[in-house]
Amino acid sequence: MAAQMAATKVPEVRDITRIERIGAHSHIRGLGLDDALEPRQVSQGMVGQLASRRAAGLILEMIKDGHIAGRAILIAGQPGTGKTAIAMGIAQSLGQDTPFTAMAGSEIFSLEMSKTEALSQAFRKAIGVRIKEETEIIEGEVVEIQIDRPATGTGAKVGKLTLKTTEMETIYDLGSKMIESLSKERVQAGDVITIDKATGKITKLGRSFTRARDYDAMGAQTVFVQCPEGELQKRKEVVHTVSLHEIDVINSRTQGFLALFSGDTGEIKSEVREQINAKVSEWREEGKAEIIPGVLFIDEVHMLDIECFSFLNRALESDLSPVLIMATNRGITRIRGTNYQSPHGIPIDMLDRLLIIATSPYTEKETRQILKIRCEEEDVELSEEAHTVLTRIGLETSLRYAIQLISTAGLVCRKRRGTEVQVEDIKRVYSLFLDESRSSQYMKEYQDSFLFNEAQGTQMETS
Amino acid sequence: MEDESQRILKYLTEVEEAAEDVLSDKQQIVDLDVKRNRNREALNALRDDSQQSEDKVKVCFGNMFIKLPKATTKQMIQKDQEQLDKEISDLRKRLKARVNHLNHLQGRPDLVGYNLSPLTSDEIKAINNLLRR
């Protein structure tokens, strides 16, 4: 049955030319600051927004030094002014070791999990714990293995193992356990092996280069390594970084460690969290662990309701708290879940704790440059006039709309077998796809023929 | 100009010295490990069953062999071994500080998590699921 399935499946394999999906902010590689934290006009995919990038750079330095934890930052600005871009820039420049968790405000609304549970999981994902593992190992190249079998055929085997590094050579006496595991790993002369001193576990690293000519016919999977240097008995230290959430998941009994892979972790009991917190702070006191406060980025933060904000207020006070970066494009609007108006849709007591970075609309020159960067990112060649036309479109409608037109115009251009996108291509896609203002214009003109048409003048319900 | 070159020379000497310290410590660890392994081989030889009847063994001191009782020899080597283990771990500790010093002089960032004390094997076992992803 399975063979049959496999046989019928074969023709489905098509040769697909490599299509890379390109995200809206895939061109951003950092904040584009120099060593003195001065922003460069165009760098690492960032254009303009000098003041806000400088501010973000300052915060970034403080995060890297670990000076600020439990602080919150709000990036506020009109739509399409690069809020998410700045957050992405921060994430990119933080490096591998600092945890960065990004989520959208609406992600917390789920049937399986309460809002506060989703938030606390996000918080704990953004806190890293650095721990060290130390093992004593014996690492060397096998010069000779000699195993003596007793003449009677039964009884304990004994043997000798000669190991060497570039500096030294020594003989180990082998017991029957060791001989068993050596033959299980099929260790032979010329292999480079490590022996864990505590557990006696043998790991084959590969074959020594000096023995490469022993056999001509060698499998492709044979790995050749250099003969180890230095002492035979080494101490290996490995530093790991894990997030608090991962430790939580492992320790929440009902789920078991498999939960981490299935992606559905469900709710974690607060007792488990408390135990983990206690253990981690115990480790910290003993010098066994370092806490790395990472960054939690919540986009569209106005989607959170009043309960979430009060939870955030409380969570930021905790000593295990990451740096919270939020972004919103709302002005004075209703706080979700209440009837009160507040700036950015965030309660005043929360706003009071925030450092606010403002972004401003891009100028014509900056828009032009961003479009150029996006063209490179999407592999579309743009003629000079087309670029000018696109910049005008970007200024008059929106930057996002102009960016959308790049790839569509690129497709139209390829259809007519052109190499460079011309003004005609832009015009064609401009007439094919409506921007927001033309679309609403159309609605106004033909509203009578649409279904469920309501009276004019009602504002969009935003919260 | 003169000052500048003097300063650079002084800085380079400092870096070289630090590097030399690191290298010599490394070499010393290797030398001590050679000794440790030789002692281990000797202890194994003393345990050898075939010569159990004799109660004295020949021990080489410098360029002369001295016959000593087995028990005394064993004790002596074991003491030496303990001393060596201690010395090696001390050297390793010092090596860490020296590598950090060298990195510092060269303007490189310190290695992360370098001065953490290790978790016990029980604790490592508990979070092994995480580490071996």
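This is a predicted model: local features need pLDDT of at least 70, side-chain atom pairs count only at pLDDT 80 or more; totals for chains, interfaces and linings use all residues.
Biologist: What is the order of the strands in the open sheet of chain A?

Modeller: The open sheet of chain A is built from 5 strands, and their pairing is parallel. The twist averages 20 degrees from one strand to the next. Read across the sheet, the order is E4-E13-E14-E3-E17.

Biologist: Which strands of chain A stand at the edges of that sheet, and why is one side of each left without a neighbour?

Modeller: An edge strand has a single partner strand, so one side of it is left without a neighbour in the sheet. In chain A this applies to strand E4 (100-104) and strand E17 (354-358).

Biologist: Which residue of E14(A) is the bridge partner of A:Phe297?

Modeller: Strand E13 (residues 295-299) and strand E14 (residues 323-328) of chain A run parallel and are joined by 4 bridges. For A:Phe297, the bridge partner in E14(A) is A:Ile325.

Biologist: At what angle does helix H3 of chain A run to E14(A)?

Modeller: Helix H3 (residues 83-94) of chain A packs on the sheet and touches E3, E4, E13 and E14 of chain A. The direction of helix H3 of chain A makes an angle with that of E14(A) of about 155 degrees.

Biologist: And at what angle does helix H2 of chain A run to E17(A)?

Modeller: Helix H2 (residues 50-65) of chain A lies across strand E3 (72-76), E13, E14 and E17 of chain A. Relative to E17(A), helix H2 of chain A runs at about 145 degrees.

Biologist: How many charged residues are on the side of chain A that touches chain B?

Modeller: The contact takes 29 residues from chain A and 21 residues from chain B. Among the elements giving two or more residues to the side of chain A are strand E5 (127-148), strand E11 (233-243) and helix H6 (244-251). By class, that side of chain A has 11 nonpolar and 5 polar residues, and its charged residues number 13.

Biologist: Is A:Arg186 buried or exposed?

Modeller: A:Arg186 lies in the loop between helix H5 (176-184) and strand E8 (191-196) of chain A. Although A:Arg186 is not a glycine, its phi is positive, at about 55 degrees. With 8 other C-beta atoms within 10 Å, and a limit of 12 or fewer for this class, A:Arg186 is exposed.

Biologist: How many other C-beta atoms lie within 10 Å of A:Leu37?

Modeller: A:Leu37 is in the loop between helix H1 (2-9) and strand E1 (42-43) of chain A. Its phi is near 65 degrees, a positive value in a residue other than glycine. A:Leu37 is partly exposed, and the number of other C-beta atoms within 10 Å is 15.

Biologist: What percentage of the residues of chain B count as buried?

Modeller: Chain B has 4 helices and 2 strands, and from the N terminus on its elements run α-β-β-α-α-α. Of the 133 residues of chain B, the share that counts as buried is 7%.

Technical notes:
Residues are numbered from 1 along each chain as its sequence is written. Chains are lettered from A and ligands numbered from 1 in the order in which they are written. Two strands pair if DSSP finds at least two bridges between them. Axes are lines fitted to C-alpha atoms, for helices over the stretch in contact, and angles run from 0 to 180 degrees between N-to-C directions. Two residues are in contact if their C-beta atoms, placed from the backbone, lie within 7 Å. Ala, Val, Leu, Ile, Met, Phe, Trp, Tyr, Cys and Pro count as nonpolar, Asp, Glu, Lys and Arg as charged, and the others, Gly among them, as polar. A residue is buried if 20 or more other C-beta atoms lie within 10 Å of its own, exposed if 12 or fewer, and partly exposed in between; C-beta atoms are placed from the backbone.
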